[in-house]
Amino acid sequence: MAQLLSSSACFDGHVNKYQHTSAVLGCDMRFTAFLPTHAGAGHTRVPAIFFLSGLTCNEDNFISKSGAPMFAAKHGIALICPDTSPRGVKCKDDTATWDFGEGASYYVDATTDEYKQHYQMHTYVADELFHLVTHFLPIDPSRISVMGHSVGGHGALTVGLHHASKFRCISVFAPMSSAPNCPWGVKALTNLLGPDRDLWARYDAAYLVRTYSGPRKMEILVDQGTNDQFLRDQLHTRMLVDAASENAKNVSFSYRLRAGYDHGYFYVASFVGEHVEWHAKRLV
Ligand SMILES: N[C@@H](CCC(=O)N[C@@H](CS)C(=O)NCC(=O)O)C(=O)O
C-alpha cells in the first residue's frame with residue numbers, strides 16, 4: 001500500500017504524491033503519478049509511462065518541469081515518476097557528491113557490501129514499484145512503457161530491455177548510453193558492483209541494445225540535443241545508434257537529433273509532447 005501525501009488537479013487529471021515503505025530498498029520512498037480523470041471510473045484501467053529521471057533529481061522534477069501532464073491528459077495516459085535513489089539510508093559516501101549515491105543510483109542492483117543492502121533500484125523500479133502501481137492504482141499492467149532522461153535514460157534502456165515483457169517500448173532524452181564507457185558510469189559501477197568489468201555489461205545500455213533478442217522486437221526512440229554539455233564526455237549517444245544498426249532484427253530504432261538544444265529541462269519540455277504521442281500510439 002502507498003499513502004497519498006498530496007493531490008492537485010492538473011489538466012484533465014490529478015498529480016498525486018505517494019509514499020510507501022520499500023521492502024526492496026529498506027527505506028521509505030516517494031513517487032508522483034499523473035492520473036487522467038477517467039482512470040478508475042467504472043473500473044477503467046489506463047496505460048502508463050514510467051519516467052526515470054537523471055542525476056540530482058527526485059520524483060518532482062519531471063512532473064513539474066517537463067509539461068508532460070498536459071500531453072498525458074490528452075492521450076489518457078498515466079505518468080509514474082519514481083525517486084532516483086534510496087533516501088536517508090546512510091551508505092558509505094552516498095551523500096558526498098552529486099553524481100553518485102543519493103539522487104544518483106544509476107538504477108543498478110548493487111552487489112558490493114557497502115551498497116547492496118539498500119541500492120537495489122533496478123529491482124525496485126521493475127518489480128516492486130511496477131507491482132505497487134498496477135495493484136494500488138487503476139493502471140493496466142499490459143500497457144506500460146518507460147521513458148527517461150540522461151542517467152534516467154540509461155535507467156529506462158536497462159530496465160526496459162531487461163524486462164521487455166513488462167515495458168512495451170522505450171524512449172529517452174539525452175541518455176547516458178554506455179555506463180562502462182563514461183566517467184559517471186565507471187564511478188557508479190565501481191562502487192555498486194566492484195571492479196570486475198564483466199559484471200558491468202548488465203548495465204551497459206549500448207551492449208544491451210546490441211545483444212537484445214526478445215521476447216519481441218523492441219521499439220526505441222532516442223532524442224539528443226546537439227548543444228548538450230554532457231554529450232561528448234558522458235552520454236556518447238552515437239554508441240546507441242551504432243548498436244541498434246547492428247541489431248535491426250530485434251530492435252526498431254528511431255533517432256531524433258535536435259539542433260541547438262542543451263541537456264536541461266527546457267530541451268525535454270520542447271519535445272516531451274512528441275514522446276508522449278509516440279508512446280500513445282503503442283499503448284492506447
Ligand atoms: N548538478 C549538475 C547537473 C546535473 C544535471 O544536469 N542533472 C539533470 C539530469 S542529468 C537534471 O535533470 N537536473 C535537474 C533539473 O534540471 O531539474 C551540474 O550542476 O552540473
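Predicted model: local features only at pLDDT ≥ 70, side-chain atom pairs only at ≥ 80, totals over all residues.
I take helices (H or I, at least four residues) and strands (E, at least two) as DSSP runs, numbered from the N terminus. Residue numbers start from 1 along each chain as its sequence is written.

**Entry: tyrosine 107.** I looked up tyrosine 107 in the loop between β5 (78-82) and α3 (121-136). Its phi is positive, about 55°, although tyrosine 107 is not a glycine. I call a residue buried if 20 or more other C-beta atoms lie within 10 Å of its own, exposed if 12 or fewer, and partly exposed in between, with C-beta atoms placed from the backbone. Tyrosine 107 counts as buried because it has 27 C-beta neighbours inside 10 Å.

**Entry: phenylalanine 11.** I found a positive phi, near 45°, at phenylalanine 11, again in a residue other than glycine. Phenylalanine 11 lies in the loop between β1 (3-9) and β2 (13-22). It has 16 C-beta neighbours inside 10 Å and therefore counts as partly exposed.

**Entry: proline 215.** I noted a cis peptide bond from glycine 214 to proline 215, with omega near 25°. Proline 215 is in the loop between α6 (205-211) and β8 (218-225).

**Entry: ligand shell.** I listed 13 residues around the ligand, the closest being Gly54, Leu55, Thr56, Asn61 and Ser150; a residue is near a molecule or strand if its C-beta atom, placed from the backbone, lies within 6 Å of it. By class, I recorded five nonpolar, seven polar and one charged residues in the shell. Here Ala, Val, Leu, Ile, Met, Phe, Trp, Tyr, Cys and Pro count as nonpolar, Asp, Glu, Lys and Arg as charged, and the others, Gly among them, as polar.
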